[in-house]
Amino acid sequence: MHAAAADPWSRVGSRLFPWFWLKGIGTTAFMWLFFVGYFHVLRHPAHPAVQMPLTAIDRWIGFQAWAFWPYVSLWVYVALPPALLPTARELIRYGWWVGGLCVAGLVCFHLWPTAVPQQFVGAAPHAGFELLRGVDAAGNACPSLHVAAATFSALWLDRLLRELALPRGWRAANALWFVLIVWSTLAIKQHVWWDVVAGLLLALAVAVPSLRWVSPRRRGDIISP
């Protein structure tokens with residue numbers, strides 16, 4: 001059966017299973033290495049952390065407990081683009097680009113450490129917030145790597161969904177998931193508006209060239225709607 005005639009889930013499956021072991025092990029190892037660097041920079045900044053200023057947007061967006069779930073869903077979301085890459089070469093190239101994004105963010109955190117003002121109101125509704133605050137310690141704020149990683153993943157995922165000629169609803173779901181993740185960073189007060197803006201700019205600076213310089217596929221590799 002021609003790939004274009006297959007149902008959407010079959011198309012997705014045709015991308016998920018090739019190099020499945022490399023995708024699983026590679027993504028896990030990448031996240032582990034990232035957090036090693038993240039916590040090292042968090043605990044050993046070059047200078048005392050500067051508190052980020054609040055804006056009218058930060059004051060307008062109140063604390064919303066439900067946003068905890070889209071916030072932590074980032075760790076599933078960022079695994080989707082590499083899972084849909086069909087070759088080991090593309091996985092490695094993708095890893096270099098997203099690695100460059102993370103290293104740029106960590107360099108910013110080290111040279112210009114920033115922190116978020118304490119904005120939590122009332123008791124956290126469940127232990128997840130206590131764990132989250134203990135991990136992030138309100139530091140490594142600007143640029144928001146949560147937003148940067150979500151933006152980079154969203155742009156790549158949109159490209160891959162178009163490449164697979166999936167229904168538009170899939171791309172709409174991707175956009176909605178991305179918006180919820182970005183919104184959640186403000187709604188649970190892990191970041192302020194300027195962190196979000198800086199995270200978006202950092203992601204665009206890396207994602208745009210990564211998408212432009214990606215190797216063109218053979219004609220048969222791209223599925224036409």
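Val147 is found in helix α9 and is buried, with a relative accessible area of 0%. In this predicted model, Val147 lies 8.1 Å from Ala203, C-alpha to C-alpha, although 56 residues separate the two in sequence. Leaving aside residues up to four places away in sequence, Val147 touches Val182, Thr185, Val196, Gly199 and Leu200.

**Overall architecture**

- The protein contains eleven helices and two strands.
- Read from the N terminus, its elements follow the order α-α-β-α-α-α-α-α-β-α-α-α-α.
- Of the 225 residues in the protein, 46% are buried.
- When contacts between residues at least 6 apart in sequence are considered, 90% of them join residues at least 24 apart.

**Helix α9 and its partner α10**

- The axes of α9 and helix α10, which spans residues 168–187, come within 10 Å and cross at roughly 180°.
- That angle makes α9 roughly antiparallel to α10.
- On the α9 side, the contact is made by His146, Val147, Ala150, Thr151, Ala154, Leu157, Asp158, Leu161 and Arg162.
- On the α10 side, the contributing residues are Trp170, Arg171, Asn174, Phe178, Ile181, Val182 and Thr185.

**Ser153 in helix α9**

- Ser153 also lies in helix α9 and is buried, with a relative accessible area of 2%.
- A polar atom of the Ser153 side chain lies 2.9 Å from the backbone oxygen of Ala149.
- Beyond residues up to four places away in sequence, Ser153 touches Tyr77, Val78, Pro81 and Tyr94.
- One of these partners, Tyr94, is listed among the buried residues of α7.

**Helix α7**

- Helix α7 covers residues 88–111, a run of 24 residues.
- The distance from its first C-alpha to its last is 34 Å, close to the 34 Å expected at 1.5 Å a residue.
- Its buried residues are Ala88, Glu90, Leu91, Tyr94, Val98, Gly99, Leu101, Cys102, Gly105, Leu106 and Phe109.
- These buried residues pack against α2, α6 (80–83), α9 (145–163) and α11 (193–212).

**Helix α2**

- Helix α2 runs over residues 20–43 and has 24 residues.
- From its first C-alpha to its last, α2 reaches 35 Å, close to the 34 Å expected at 1.5 Å a residue.
- Lys23, Thr27, Met31, Phe34, Gly37, Tyr38, Val41 and Leu42 are the buried residues of α2.

**Aromatic pairs**

- The structure holds 13 aromatic pairs.
- In the pair formed by Phe35 and Tyr38, the ring centres are 6.3 Å apart and the planes stand at 75°, so the pair is edge-to-face.
- Phe35 and Tyr38 are three residues apart in helix α2 and are therefore separated by about one helical turn.
- An α-helix has 3.6 residues a turn, so residues three or four places apart point the same way.
- Phe35 counts as partly exposed because its relative accessibility is 26%, whereas Tyr38 is buried, with a relative accessible area of 7%.
- Ring pairs join Phe34, Phe35, Tyr38, Phe39, Trp75 and Phe109 into a cluster.
- Within this cluster, Phe34 and Tyr38 are among the buried residues of α2, and Phe109 is among those of α7.

Conventions. Residues are numbered from 1 along each chain as its sequence is written. This is a predicted model: local features need pLDDT of at least 70, side-chain atom pairs count only at pLDDT 80 or more; totals for chains, interfaces and linings use all residues. Side-chain values use heavy atoms; hydrogens and water are left out. Helices (H or I, at least four residues) and strands (E, at least two) are DSSP runs, numbered from the N terminus. The expected span of a helix is 1.5 Å times one less than its number of residues. Buried means under 20% relative accessible area, exposed over 50%, partly exposed in between (1.4 Å probe, protein chains only). Contact means heavy atoms within 4.5 Å. A polar contact is a pair of N or O atoms within 3.5 Å; within protein, one must be able to donate a hydrogen and the other to accept it, and residues adjacent in sequence count only if both atoms are side-chain atoms. Rings of Phe, Tyr and Trp (its six-membered ring) pair if their centres lie within 6.5 Å; planes under 30 degrees apart count as stacked, over 60 as edge-to-face and the rest as tilted. Axes are lines fitted to C-alpha atoms, for helices over the stretch in contact, and angles run from 0 to 180 degrees between N-to-C directions. Angles under 35 degrees count as roughly parallel, over 145 as roughly antiparallel, 65 to 115 as roughly perpendicular and the rest as oblique.
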